Amino acid sequence: ERTLRVFSTARSVLDKEYSQGKGLTKRARELGLEDRTELLLPEIVAFTTCEARNRDWGDLVTIHRDHAMAYVWSTRRGAQSGPVLRQSNWNVSAMKPPPPVRCHATSVCISSCGNFVLVGTK
C-alpha cells in the first residue's frame, strides 16, 4: 500500500495514517496516469525520529527503496511537512534524469537536538 502508519499499543484512537499530500488523485489525472499509486513514494526502508524540535518542524525522516531523497514528516500533523532532503544539484522533477544509483539513500539518522539529519548513500 506504500503508506506510513503509526499504531498505539495502548489506545486505538491514537492510531494514525500519514498523508503524502493532498490532491494525488487529481495530479495523477492531470499527468495521464491510471492510478494515484504511481505517484506514491516507494516502500520505506529506514526512518528516524526525534521529538526535541517537533513544535518547530518535522520530527520524522524516512528514506525509500531505490530513492535518493529523504522525506521529512510531522508526527503532530500526520503528513509530510518540510523540504525533501537532497543534494542541491539533484533533480526532483520526474521529467529529468534521476540521481545515479550510487546516490540512493541507505541509512538515515537524526541528531538528538533535532536540528540535523544524516543520510547515508551506497
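Mentor: Let's start with the term: a salt bridge is a side-chain nitrogen of Lys or Arg within 4 Å of a carboxyl oxygen of Asp or Glu. This is a predicted model, where local features need pLDDT of at least 70 and side-chain atom pairs count only at pLDDT 80 or more, while totals for chains, interfaces and linings use all residues. Side-chain values use heavy atoms, with hydrogens and water left out, and residues are numbered from 1 along each chain as its sequence is written.

Trainee: What makes Arg65 and Glu43 a salt bridge?

Mentor: Their closest N and O atoms are 3.0 Å apart, and the cut-off is within 4 Å, so the pair qualifies. It links distant parts of the chain, 22 residues apart: Arg65 is in the loop between strand 4 (60-64) and strand 5 (70-74), Glu43 in the loop between helix 1 and strand 3 (44-49). Helices (H or I, at least four residues) and strands (E, at least two) are DSSP runs, numbered from the N terminus.

Trainee: Why is Glu30 called exposed?

Mentor: Exposed is over 50% relative accessible area, buried under 20%, partly exposed in between (1.4 Å probe, protein chains only). Glu30 has 54%, so it counts as exposed.

Trainee: And why is Arg27 called partly exposed?

Mentor: Because Arg27 comes out at 43%. Glu30 and Arg27 form a salt bridge too, with closest N and O atoms 3.8 Å apart.
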